[in-house]
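Please look over the model below. The report that follows covers helices, aromatic rings, backbone angles and charged pairs.

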Amino acid sequence: MTSMRTGRVTEHVGHKNTSYELDNYGIREASKVHWNLTTPELYEEITRRHEGVLSDHGALVVDTGEHTGRAAKDKAIVREPSSENKVFWGDVNKDFSQDKFNEIKERMMAHASGRELFVQDTFAGAHPSYRLPVRVITELAWHSLFARTMFINDREATAPHRPEFTVINFPTFQADPQRDGTRSPTFILMDFSQRLVLIGGTSYAGETKKSVFTILNYLLPQRGVMSMHCSANVGDSGDVAIFFGLSGTGKTTLSADPERKLVGDDEHGWSDDGVFNFEGGCYAKVIKLSSEAEPDIYRTTQMFGTILENVVLDPETRQIDLDNAAKTENTRASYPLTSIPNIVPEGHARHPQNIIMLTADAFGVLPPVSRLTPEQAMYHFLSGYTAKVAGTEKGIKEPEAAFSTCFGAPFMVLHPGVYADLLGKKMGQHDAACWLVNTGWSGGPYGVGQRMKISYTRAMIRAILSGQLADVETKPDPIFGVGVPVSCPDVPADVLQPRSTWSDKEAYDRQARDLARRFNENFKKYESGVSAGVAAVGPKAD
């Protein structure tokens with residue numbers, strides 16, 4: 001199919017089901033537009049355009065170039081009347097001029113002239129009442145495959161797709177910081193009034209995924225739906241558990257339970273009907289991934305339809321080396337959820353009975369498992385604590401406390417208190433229990449103590465999900481105040497009390513008070529937006 005444009009013929013190919021043409025964005029002279037190509041069709045385009053190569057098992061291997069992770073400092077939100085008073089402005093949500101946004105947009109659309117473009121019309125959100133129609137326009141075929149993989153495709157839809165938000169991602173278009181007011185040539189800019197995201201200067205596909213997540217974090221809480229950076233699974237009886245946790249805490253490992261079905265591994269909503277996945281795919285870190293530790297995820301790296309980002313490939317044998325971090329530690333696999341055998345195919349489930357907040361405390365003072373009151377749950381949700389250790393990031397030689405509000409600070413648009421209030425309300429309405437599980441160090445800090453045995457952590461998770469811990473007596477931790485069970489099946493009693501595992505009790509007390517002070521200092525930025533009850537449950541540093 002072809003359509004005439006001024007002075008140029010634009011060819012349209014693929015599976016078009018839309019009532020909103022590209023010229024509505026100002027794209028008028030693309031040489032060819034590929035609409036909603038399927039995975040095999042995109043494979044053909046990717047190899048034709050030399051954007052990636054196939055591994056010996058059929059996975060697609062691509063290189064993202066300079067950017068092997070998110071450019072968080074280059075992300076900004078347009079300050080405009082419809083959203084200005086809702087956005088929690090600050091270090092995370094930096095503001096941007098709408099005039100400058102429009103100027104960049106105009107030049108981006110001119111940049112599309114004479115180029116091939118790829119369009120995917122997809123949805124974010126498995127729940128039919130809350131799914132968001134999203135269009136992704138890219139200049140790279142593999143970015144189109146990424147969007148098709150990570151979002152939801154409604155193959156049975158007969159009505160034209162009407163996008164409510166659009167992401168336009170042109171990696172070869174760079175901003176001029178002096179002219180455009182950006183921090184660098186790379187930019188991720190979002191305008192809620194125009195329902196538009198502009199991405200340029202980076203080939204890292206995760207920017208598209210997280211931009212859509214950010215949009216949902218803005219829209220859904222205003223409809224009473226809690227948006228969450230978490231994984232979720234379901235037991236045989238239909239009981240649901242959700243897992244919050246930052247990188248390195250074990251969220252993926254502990255939620256990928258062969259005895260439970262996976263709803264999703266990263267982004268979910270909690271509505272009046274229950275929990276639902278935002279995505280149709282998974283985006284897993286694969287550095288040093290093994291078939292023994294995580295067989296299901298490992299198996300996807302050997303499959304047709306999987307995209308492997310920055311994974312080292314032998315050019316002759318086409319075999320991948322998942323242990324090789326020559327390009328980056330942040331090697332990734334993007335694959336459809338259907339590549340995992342034990343999933344909830346409809347993508348939604350009942351209300352959670354258990355909420356598990358994972359932390360890896362490298363200071364070795366938090367209890368390995370504790371039960372939280374609703375106020376404590378909101379406090380620790382707002383804190384989003386874990387600790388970085390040597391080797392996780394350049395320049396880190398000793399443990400560092402890391403706080404990421406709501407366990408996903410870079411993607412939370414509204415005041416953190418909005419999300420915490422929703423958590424507290426949902427817990428109260430549906431009688432959900434909340435647990436803090438420390439997968440970090442015991443017997444001393446990093447370098448002195450030992451990492452908590454995975455067998456103990458798994459035993460704690462089993463006891464939580466089976467209900468065995470629900471009626472066990474708890475004692476409040478003297479500094480952090482959380483309820484520590486006096487016993488847990490298959491876990492030694494002394495392991496449950498962190499102070500008892502330290503040979504130097506006074507050193508423990510000093511370290512615990514020091515971490516408590518860090519919690520309290522971090523929480524000051526949220527005090528104005530939370531209730532007195534939540535602010536009062538912080539740890540006692542003195």
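Is helix 3 (residues 141–150) largely enclosed by the rest of the structure or largely open, and why? Helix 3 is largely enclosed, because 10 of its 10 residues are buried. Buried means under 20% relative accessible area, exposed means over 50%, and partly exposed lies in between (1.4 Å probe, protein chains only). The buried residues of helix 3 are A141, W142, H143, S144, L145, F146, A147, R148, T149 and M150.

This is a predicted model; local features need pLDDT of at least 70, side-chain atom pairs count only at pLDDT 80 or more, and totals for chains, interfaces and linings use all residues. Residues are numbered from 1 along each chain as its sequence is written, and side-chain values use heavy atoms, with hydrogens and water left out. Helices (H or I, at least four residues) and strands (E, at least two) are DSSP runs, numbered from the N terminus.

**Helix 12**

Helix 12 covers residues 505–523 and has 19 residues. At 1.5 Å a residue it should span 27 Å, and its end C-alpha atoms are 27 Å apart, so the two values agree. The expected span is 1.5 Å times one less than the number of residues.

At the start of helix 12, a side-chain oxygen of D504 comes within 3.2 Å of the backbone nitrogen of E506. The buried residues of helix 12 are A507, Y508, D509, Q511, A512, L515, A516, F519, N522 and F523. What do these buried residues pack against? Their partners are helix 8 (374–383), strand 26 (385–388), strand 27 (400–403) and helix 13 (532–535). Contact here means heavy atoms within 4.5 Å.

**Aromatic rings**

How many aromatic pairs does a search of the whole structure find? The search finds 22. Rings of Phe, Tyr and Trp (its six-membered ring) pair if their centres lie within 6.5 Å; planes under 30 degrees apart count as stacked, over 60 as edge-to-face and the rest as tilted. For F523 and Y526, the ring centres are 6.0 Å apart and the planes stand at 75°, so this pair is edge-to-face. F523 is buried, with a relative accessible area of 2%. Y526 is also buried, at 5% relative accessibility. Both residues belong to one aromatic cluster, made up of Y379, Y385, F403, F480, F519, F523 and Y526.

Two charged side chains sit over rings. K210 lies over the face of F411, 4.7 Å from the ring centre. R332 lies over the face of Y283, 5.0 Å from the ring centre. A charge counts as over a ring if NZ of Lys or CZ of Arg is within 6 Å of the ring centre and within 35 degrees of the ring normal.

**Positive phi**

C406 has phi near 60°, a positive value in a residue other than glycine. C406 lies in the loop between strand 27 and helix 9 (416–430). C406 is buried, at 1% relative accessibility.

D490 also has a positive phi, near 70°, and is not a glycine. The place of D490 is the loop between strand 32 (483–485) and helix 11 (493–496). D490 is exposed, with a relative accessible area of 60%.

**Salt bridges**

A search of the whole structure finds 24 salt bridges. A salt bridge is a side-chain nitrogen of Lys or Arg within 4 Å of a carboxyl oxygen of Asp or Glu. Three of them are listed here.

| Pair | N to O distance |
|---|---|
| R79 and E84 | 3.5 Å |
| K209 and E267 | 3.1 Å |
| R462 and D490 | 3.9 Å |

The R462 and D490 side chains meet at 3.9 Å. R462 lies in helix 10 (residues 454–466) and D490 in the loop between strand 32 and helix 11, so the pair ties together parts 28 residues apart in sequence. R462 is partly exposed, with a relative accessible area of 46%.

Where do K209 and E267 sit in the chain? K209 is in helix 5 (residues 206–219) and E267 is in strand 16 (residues 267–271), so the bridge links distant parts of the chain, 58 residues apart. K209 is buried, with a relative accessible area of 2%. E267 is buried, with a relative accessible area of 2%. K209 and E267 also take part in a network of salt bridges that links K209, K210, K251, D266, E267 and E279.

Methods
Polar contact = N/O pair within 3.5 Å; in protein donor to acceptor, adjacent residues only side chain to side chain.
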